[in-house]
Amino acid sequence: MSALSSTLSPAPAHILARGVCVDFMVAGRVNRVLHDVSLSVPKGGFVSLIGPSGCGKSTLLKVLAGLLPPSAGEVSVAGVTPIEAVRQRRIGIVFQESTLLPWKNALANVAMLMEVAHVGRSKDEIHQRATEMLRLVGLEHAAQKRPAQLSGGMRQRVSIARALALDPEVLLMDEPFGALDAITREEMSEFLLEIWERTGKTIVLVTHSIDEAAFLSREVHVMASNPASIIEAMTIDLPYPRNEGSYAAPEFARATARLRRLLKEGHRHAAAA
Ligand SMILES: Nc1ncnc2c1ncn2[C@@H]1O[C@H](COP(=O)(O)OP(=O)(O)OP(=O)(O)O)[C@@H](O)[C@H]1O
Ligand SMILES: [Mg+2]
C-alpha cells in the first residue's frame, strides 16, 4: 500500500457487519427481517440506529451482541465473532427495560457480572470496582438501595455501571432511555456523552429520538423496514465536546431536519409494504 493510500484509508472497523440478513420462521413461512445490512463503526465511534418501530433495530443489535446468529453475512467485533467477543468480555449491553435483580442493592447489581464472570478478583477488589463504577455514574450515595427504591433514570445508570464494570471495549444499548421523561432523558444523554468522552468506548445506540441520535452520535444510521435495510448513514457535523448549547447549533437543526425527512420516508416505506 502506498503512503498516500494508507493516509486516505478510513479507520479500521471495530464493529463490522457485511451483508447481514436475518430470517425468522413465522407460521411455517420465512419472514426476512434484515436484508443485506452493512455497518462499520471505528474504534471509539458513536453510532445510533434509528427507524420505524418493528424495522429491525433490536434484531441488528442482537446480531452485533452475539445473541442472534445472522442467516447470511458476516459480523466481527474487535476482529473476532460477536460470540467470541462476548466470551472475552469485550461487549457490554444495556437494554431498555431494567434487567437489574430486584432483591439486590445497586452495589450488588453492579458487582454481579464481575462475580459471574470469575474475573479473578477478590471479593474486596470486586466491591471496590463496583463502588468506583457507581461513582462514575454519580450514584455512590445510592449503593445500598434496591432497584424499587431508585428512579427509572437511576436504574438505567446502575445498568450502565454494571455494563461498564467489566471494562468492555464496546457498549451496545437498546433504547436505554426510552422510558424516561424528556428532561431526564436529556440529562442521561449528556451523562452518556461524558462517559464516552472519558472512556473512549465504541458505542452503538438504538433510539427513537431524533434529537438524542443527533446530539450523541458521530453517525446516525437510518433504517427502513420490510425488510429492514440502512437507507442512509449520516455523519453529524457537530463538534465535540457537545453540551446543552449544541441543541441550538445550526448543524444540529440541519441534521435533525434531514433525519426527520428520512424517517418519514422510512415510515412511508413501512406503510406501503
Ligand atoms: N424471535 C422472533 N421471531 C419472529 N419474528 C421476530 C422475532 N424477533 C423479532 N421479530 C420480528 O422482526 C421485526 C423486527 O423486530 P425488532 O424487534 O428488531 O424491531 P425494532 O426496530 O427494534 O422495533 P421497536 O422500535 O418497536 O423496538 C418485527 O417485525 C418483529 O415482529
Ligand atoms: Mg426494538
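Reader: What is the strand order in the open sheet of 6 strands?

Author: Strands of a sheet pair through backbone hydrogen bonds, either parallel or antiparallel. Here the open sheet of 6 strands runs β5-β6-β7-β3-β8-β9, and its pairing is mixed. Two strands count as paired if DSSP finds at least two bridges between them. Strands are DSSP runs of E, at least two residues long; helices are runs of H or I, at least four residues long; both are numbered from the N terminus.

Reader: Before we go on, what kind of model is this, and how is it numbered?

Author: It is a predicted model: local features need pLDDT of at least 70, side-chain atom pairs count only at pLDDT 80 or more, and totals for chains, interfaces and linings use all residues. Residues are numbered from 1 along each chain as its sequence is written, while chains are lettered from A and ligands numbered from 1 in the order in which they are written.

Reader: In which sense do β3 and β7 pair?

Author: Strand β3 (residues 46–50) and strand β7 (residues 202–206) pair in the parallel sense, over 4 bridges. Take Phe 46: its bridge partner in β7 is Ile 203.

Reader: Which helix lies across β5 and β6?

Author: That is α6 (residues 152–165), which lies across β5 and β6 (170–174) and runs at about 170° to β5.

Reader: What is the order in the open sheet of 3 strands?

Author: The order is β2-β1-β4, with antiparallel pairing. β2 and β4 (72–77) are at the edges with a single partner strand each, so one side of each is left without a neighbour in the sheet. The twist averages 25° from one strand to the next. β1 (residues 13–26) pairs with β2 in the antiparallel sense over 10 bridges. Within that pair, Phe 24 stands opposite Asn 31 in β2. Helix α2 (residues 57–64) packs on the sheet and touches β1, β2 and β4; its direction makes about 120° with that of β1. Contact is a distance test: the C-beta atoms of two residues, placed from the backbone, lie within 7 Å.

Reader: Which residues of the largest nonpolar core touch the most other members?

Author: A nonpolar core is a set of buried Ala, Val, Leu, Ile, Met, Phe, Trp, Tyr and Cys residues joined through C-beta atoms within 7 Å. Buried means 20 or more other C-beta atoms within 10 Å of the residue's own, exposed means 12 or fewer, and partly exposed lies in between; C-beta atoms are placed from the backbone. This core has 69 residues, and Leu 64, Val 110, Ala 161, Leu 172, Val 204 and Leu 259 touch the most other members. Helix α6 gives the largest share, 6 residues. Leaving out residues up to four places away in sequence, Leu 172 touches Leu 61, Leu 64, Ala 65, Ile 91, Ile 93 and Val 204.

Reader: Into which domains is the chain divided?

Author: Domain bounds come from an automatic or database domain assignment. Domain 1 is 43–67 + 79–90 + 168–273, and domain 2 is 100–167. Their centres, taken over C-alpha atoms, are 25 Å apart. 10 residues of domain 1 are in contact with 8 residues of domain 2. Helix α7 (residues 182–199) gives the most to the side of domain 1 that touches domain 2, with 3 residues.

Definitions and conventions
Axes fitted to C-alpha atoms, helices over the stretch in contact; angles between N-to-C directions.
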